[in-house]
Amino acid sequence: MRLFDAHNHLHDQRLPSDAAALLADCKKVGLEKMVVNGTNESDWDNVANLAQNHPQIVPSFGLHPWFVPDRSPDWQQRLRHYLGAWPTAVGEIGLDRWKPGLPYDEQEEVFLAQLQLAAERNLPTSIHCLKTWGRLLELLSENKTPDRGFLLHSYGGPAEMIQPLAKRGGYFGFPGYFAHERKKRQCEIFRQVPAERLLIETDAPDQSLPGERVTHPLGQGLNHPANIAAVYEAAAESLGQAPESFAAQVEENFLRLFAP
Ligand SMILES: [Zn+2]
């Protein structure tokens, strides 16, 4: 089976620094491509360097809501610079009303500026959303989105928003974390995602699978990107699908959204 990781952070400093070794493990389990998401100005260079050296990486550049308060005055110019060199994907961007102490005020402005960049260039974009699904849907309805669509990374929203989001071009990312018993309800919600809009993600080094499903343990609850095969298995199982045809469908979806 050919596997595709729609969202991770391979450059994250919590992961072992030998990216080539991590990628060799990923290759052994069948990984073809992964989207590596920058989250702030200081990691865009690392993402670009990884992509330069490893063709299986689709680099993505964006300012995550957690880092909005730290942005520099010329962050947009810098982002345009990276997207000029690597016109592949925008993200991770988003809105977050969950993280304690994180100001919300400037998040929408920063999110919309990046959504606009993605829409202008018709680049796929990876969206993080916590505790503000209604407002996200409003913003996606009032603003232009990329014609090719966008990824709702680790979709944790309600069932009734799947159709309206899909109508606007949404793809829905299923992470290994959803295989935990306490996420059973979200797995049931995922059964309503249209087959052609489903994607699989590790979100490594975060969102680990339940311990008994982890194939590549790293300690401290860190998620190795080569756990991707186990995430596919967990997702196919909880959606009641045959692994082979499920993987073929996810491949089609991934290539439709992320192929250059
Ligand atoms: Zn992420």
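In this predicted model, five strands form an open sheet with the order 4-5-6-7-8 and parallel pairing. The edges of this sheet are taken by strand 4 (90-96) and strand 8 (198-201); each has a single partner strand, so one side of each is left without a neighbour in the sheet. From one strand to the next, the twist averages 30°.

Although strand 4 stands at an edge, six of its seven residues are buried, so strand 4 is largely enclosed by the rest of the structure. Strand 4 runs parallel to strand 5, and five bridges join the two. Asp96 has Leu130 of strand 5 as its bridge partner. On to the next pair, strand 5 (residues 125-130) and strand 6 (residues 150-152) are parallel and share two bridges, with Ser126 opposite Leu151 in strand 6.

A second open sheet has three strands in the order 1-2-3, again with parallel pairing. Strand 1 (3-8) and strand 3 (57-60) are its edge strands; each has a single partner strand, so one side of each is left without a neighbour in the sheet. Here the twist averages 10° from one strand to the next. Strand 1 pairs in the parallel sense with strand 2 (residues 31-37) over four bridges, and Phe4 stands opposite Lys33 in strand 2.

| Strand pair | Sense | Bridges |
|---|---|---|
| Strand 1 and strand 2 | parallel | four bridges |
| Strand 4 and strand 5 | parallel | five bridges |
| Strand 5 and strand 6 | parallel | two bridges |

Helix 2 (residues 44-53) lies across strand 2 and strand 3 and runs at about 160° to strand 3. Trp44, Val47 and Ala51 are buried in this helix. Viewed down the axis of helix 2, the buried residues fall within an arc of 65°, so they line one face of the helix. Gln52 and Asn53, on the other side of helix 2, are exposed. The cover over the buried residues of helix 2 includes strand 2, strand 3 and helix 3 (75-85).

The largest nonpolar core has 69 residues, and Leu199, Ile200 and Tyr232 touch the most other members. Helix 8 (residues 228-239) gives this core its largest share, eight residues. In soluble globular proteins, nonpolar side chains tend to be buried together. Leaving out residues up to four places away in sequence, Ile200 touches Phe4, Asp5, Ala6, Phe174, Val231, Tyr232, Ala235 and Val250.

Arg213 lies in the loop between strand 8 and helix 8. Is Arg213 buried, exposed or partly exposed, and why? Arg213 has 16 C-beta neighbours inside 10 Å, whereas a buried residue needs 20 or more and an exposed one has 12 or fewer, so Arg213 counts as partly exposed. Again leaving out residues up to four places away in sequence, Arg213 touches Ala179, Ala230 and Ala234. Arg213 and Gly101 are 112 residues apart along the chain, and their C-alpha atoms are separated by 33 Å.

Key. Residues are numbered from 1 along each chain as its sequence is written. This is a predicted model: local features need pLDDT of at least 70, side-chain atom pairs count only at pLDDT 80 or more; totals for chains, interfaces and linings use all residues. A nonpolar core is a set of buried Ala, Val, Leu, Ile, Met, Phe, Trp, Tyr and Cys residues joined through C-beta atoms within 7 Å. Two residues are in contact if their C-beta atoms, placed from the backbone, lie within 7 Å. Two strands pair if DSSP finds at least two bridges between them. Axes are lines fitted to C-alpha atoms, for helices over the stretch in contact, and angles run from 0 to 180 degrees between N-to-C directions. The arc is that of the directions from the helix axis to the C-beta atoms.
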